[in-house]
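Please work through the exercises below with the sequence and the model side by side, and try each task before reading its solution.

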Amino acid sequence: MNSEKTPDALKGKADKKVFIKTYGCQMNVYDSDRMNDALTTDGYIPTDTPEDADLVILNTCHIREKAAEKVYSELGRIRKIKDSRANAGKKTMVSVAGCVAQAEGAEISKRAPVVDLVVGPQSYHRLPELLGKAAGGEKVVETEFDIQEKFKHLATPSKEAVRKRGVTAFLTVQEGCDKFCTFCVVPYTRGAEVSRSVDQIVGEAQRLAAAGVREVTLLGQNVNGWHGQGSDGREWGLGELLFKLAEVDGIDRLRYTTSHPRDMDDALIAAHRDLDILMPYLHLPVQSGSDAILKAMNRKHTRDDYFRLIDRIREVRSDIALSGDFIVGFPGETDKDFRDTMDLIEKVTYGSAFSFKYSPRPGTPGATLENQVDEDVKSERLAELQALLASQQAAFNHSLTGQKINVLFEKGGRQQGQLSGRSPWLQPVHVEAPSELYGEFAEVEILAATANSLQGKLIQN
Ligand code: SAH
Ligand code: SF4
Ligand code: F3S
C-alpha cells in the first residue's frame, strides 16, 4: 500500500536487515556467520524473517542434485516476497552464495532473474563492495578463487554476536580439497586445499573463549590434511595444532571434521591418546566397503587400510565412537560390492553415520561413467544400509544407559525446566536442570536412550 511506504528520508537511516538461509555442510554455517559479521559492519542486522529483509542471501550446497535444486524452489518463494515488498515501496536485494554459486555462476541469474548477486565461497570478504555494485542495477557475478584473501579478511564477530550463537562454535582451519574423489564436486566448488596458520587459528580460538565458547569444532573439507605454518615457522600437522589449542584457556572440548582416512597420521592418533579435551568421536568417511568401488571412486585406500586404521585408533582410545559417510549405487556397484559395504559396517560398528544414494554431478568423472545403477536398486540398497546403521546407532545409545557421562549444556530443552546438551560422543542429551547450568558442564546419569538422543538426570555432588 502506498500509505505504508517508508519515506525516502528515513530509508538510509533505519538499520538494514539481512536474512541468510544456509544449506549444506558446517563450513557453510561458519561462512554464513562470517557474512553476517561482515555485513554488521556495513550497517545490517540479521533477521530470521525474509519478509523483513532488505537483503536475502541463500548460502547454497551443490553436493547432490536435490541439494542444488532446492535453491531454485526457494528463489521462487523469495521472488514473491521481493514483489510484495516492492509493492510496499521496499527494495530487496537477492544474492546466491555458496557452492551452487561457484558451480553455476551467471547461469543462476539467467534462470532466476530475481537474483542480483552471485557470489562464490571465496569472495565473501568483498560482499559490501559487490552489493554496492549490484545496488546500481548491474547483475554481479563473482566466482574468483582466492582462499588466502578470504582468510586474510575473515570478519571478526563482536563478543555479543559470539554469545548469541552459543557456547559451541565452528572454526575453519582449512578450505578446499585436492583429493578429487570421482563422485564429488567439492574440489571444483571450493578449489585447492589451503590451510590457515597456527597464529590465525589460535587467535580466533582465544577470541571465542573470551566470549564464553567452551567447545570448538575445527572445520575443513579435508581437515586432517591441514598443514599450516606453526608459531615457530615450521609446518605443523593437525595433531600438533590440537595440542596447541588444548592450551587455550576456557576451551574445554575440541572436535574436528571432516577427515580423510589417508591423512590420519601418527601425531593425530597420538592426540586422541593424550588429549582428554579431544572428544572421543571421529567422523571418518569410508564411502564404500568394496575395493573395486573405492578404486573407481579414487579414494586411494583399500578396505583393509581402513580396518587397520580403525584398529590403531581404537587401540589408543577404546571409547571412541566412529561416524562415517556412505554412498550406495556408485556406477558399476554390483550386489557383491554392496555386500562388502554391509560387511564393513558390521565389522567396524558405527555410533552414527550419514548415507546417500549416488547422485551424478555435472563436471565430475563419475557422472560420465557408463553402468550407472538403477534408481530402484539404489533405493533398496540405501534402505538396507540405513536400517543397519540405525540399529548400530540405537545399540550404541542404549549401551550408555546407567552410565555417568559429562554433558555440556547448550540450549533450552524440549520441555520446560529442561536443558539440552551434548555427550562427548555428540549425542543430544535432555536433562531436567536449572537454567544457570546453561553453558556449563555437568555429570549426568543416563536413564533412557532413543534412536537419536539420550535422557538423563543430574548427579548432585
Ligand atoms: N569433505 C568430506 C565430504 C564432503 S561431502 C569428506 O571428504 O568426507 C559429504 C558427503 O557427501 C561425502 O562424504 C559423500 O558421502 C557425500 N557425497 C559427495 N558427493 C556425492 C554424490 N555425488 N552423490 C552422493 N553423495 C555424495
Ligand atoms: Fe569430496 Fe573426496 Fe574431497 Fe571429501 S575428500 S571433499 S569426498 S573430493
Ligand atoms: Fe555442499 Fe559445498 Fe559443503 S557442496 S557440502 S556446501 S563444501
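The model is predicted, so local features need pLDDT of at least 70 and side-chain atom pairs count only at pLDDT 80 or more, while totals for chains, interfaces and linings use all residues. Residues are numbered from 1 along each chain as its sequence is written, chains are lettered from A and ligands numbered from 1 in the order in which they are written, and side-chain values use heavy atoms, with hydrogens and water left out.

**Exercise 1. The surroundings of ligand 1**

Task: Find which residues come nearest to ligand 1, and list polar side-chain atoms that lie close to its oxygen atoms.

Solution: Begin with the shell, where a residue is near a molecule if one of its heavy atoms lies within 4 Å of it. Of the 14 residues around ligand 1, those that come nearest are Phe 183, Gln 221, Gln 287, Asp 325 and Ser 359. Sorted by class, this shell holds six nonpolar, four polar and four charged residues, where Ala, Val, Leu, Ile, Met, Phe, Trp, Tyr, Cys and Pro count as nonpolar, Asp, Glu, Lys and Arg as charged, and the others, Gly among them, as polar.

Next, look for polar contacts, that is, pairs of N or O atoms within 3.5 Å; within protein, one must be able to donate a hydrogen and the other to accept it, and residues adjacent in sequence count only if both atoms are side-chain atoms. An N or O atom in the side chain of Arg 64 is 3.1 Å from an oxygen atom of ligand 1, a polar side-chain atom of Gln 287 lies 2.7 Å from an oxygen atom of the ligand, and for the side chain of Asp 325 the distance is 2.6 Å.

Finally, consider the cover: ligand 1 taken alone exposes 540 Å², of which the protein buries 88%, with areas from the Shrake-Rupley method and a 1.4 Å probe; for residues, only the protein chains shown count as cover. Strand S13 (321-328) and strand S14 (352-357) are the elements that give two or more residues to this shell; helices (H or I, at least four residues) and strands (E, at least two) are DSSP runs, numbered from the N terminus.

**Exercise 2. The buried residues of H6 and H12**

Task: Identify the buried residues of helix H6 and helix H12, and name elements that cover them.

Solution: Buried means under 20% relative accessible area, exposed over 50%, and partly exposed in between (1.4 Å probe, protein chains only). In H6 (residues 127-135), Leu 127, Leu 130, Leu 131 and Ala 134 are buried. They lie on the same side of H6 because they cover an arc of only 100 degrees around the axis, the arc being that of the directions from the helix axis to the C-beta atoms. An α-helix has 3.6 residues a turn, so residues three or four places apart point the same way. Their cover includes helix H2 (26-41) and strand S3 (55-60). Just after H6, Gly 137 takes a positive phi of about 100 degrees.

In H12 (residues 266-274), the buried residues are Leu 268, Ile 269, Ala 270, Ala 271 and His 272, and among the elements covering them are helix H11 (238-245) and helix H14 (303-316).

Terms used:
Contact = heavy atoms within 4.5 Å.
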